[in-house]
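Dear colleague,

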Amino acid sequence: MPTSLFSSARPRRWGRALAGAALAAGVLTTGTTTAHAATTATPATTASFAGPASYAPADAPAVLGRAALVVDTSTGEVRYSKDAGERLPVASLTKMMTAHVVLQEADPADVVEVTAEDVRYAARGGAAVAGLRAGDRLPVRDVLHALLLPSGADAAHVLARTYGPGVEGFVGKMNAAARELGMADTLYVNADGMPTNGGGHSTAADQARLAEAVLRNETLKSITSTRYHSVGATSEHGSYSWRNTNRLLAQPGAVGVKTGYTRAAGYTLAFAAERDGRLLVGVILGESDSGRRFDTAQALLDWAATAGKA
């Protein structure tokens, strides 16, 4: 059975593997960016990515985004890395952590109510919305679809307000969960990734850790793999239909995970695919072209699957 990247020993192995591979390839760079200390203490059993290293074999696809990482989660081996320890805004990849934290407490069948506050919040600042309507009472499972498929900021606000309780309390839980996962270079300031309150930051390495954790939850894996989700009208709520913004799901083996965009973050993508019994997880941050992030991710997955064969 594959060993998780986030077992007690894995984060250290991951960091050492990446640094060692970079040194062996002669591509370990120091530049002007330095590793940052965690905003809170990191557990002794975890370690963050060790600085702004890059590991790009000569036959790897070109990556024009600011940072990227691809990992084979069955072994913890880094296949590709580009500035994976650089702190950057991640936009709606933030919603992966929102979903992760919610299911630490909630049952997917629990029912939550949409309020006018949730709708007003999402209408501000040009955020993507799921079109939730005030007064509707929906199962958490459906609200998670609204969060992760169309990337609804209204869904993020419903969940954070309900399970904080209150958005501020929920963001505190998000940061605590990040520390538990060994995401030492991540700071969340909201539940949706919009650039309010500075927008927060993370790294490609930390977001890969989070994406793998999301995919270990069968409920979330099912949702992030879903291309379309419809909800029929009942006495409790109206009807909804949502389409996943992740174009990679049209490809065989793709299982998610999340798209993102803000002006500050550029286009972001956490992606994953099952290939030959292995789960490959990757992240691209700071891409300037929406379509190119999907093309690059697909090229990286195809290349990593081939490169990983004995």
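Ser151 is buried, with a relative accessible area of 6%, where buried means under 20% relative accessible area, exposed means over 50%, and partly exposed lies in between, with a 1.4 Å probe and protein chains only. Although Ser151 is not a glycine, its phi is positive, at about 65 degrees, and its place is in the loop between α4 (140-148) and α5. Helices (H or I, at least four residues) and strands (E, at least two) are DSSP runs, numbered from the N terminus.

Please bear in mind that this is a predicted model, in which local features need pLDDT of at least 70 and side-chain atom pairs count only at pLDDT 80 or more, while totals for chains, interfaces and linings use all residues. Residues are numbered from 1 along each chain as its sequence is written, and side-chain values use heavy atoms, leaving out hydrogens and water.

Ala91, which is also not a glycine, has a positive phi of about 55 degrees; it lies in the loop between β2 (77-82) and α2 (94-105), and it counts as buried at 3% relative accessibility.

Two cis peptide bonds deserve a look: one joins Gly164 and Pro165, with omega about -10 degrees, and Pro165 lies in the loop between α5 (153-163) and α6 (167-180). The other runs from Gly256 to Val257, with omega near 20 degrees, and Val257 is found in strand β7 (residues 254-262).

As for the whole chain, its secondary structure comes to nine helices and nine strands, and buried residues make up 57% of its 310 residues.

Best wishes
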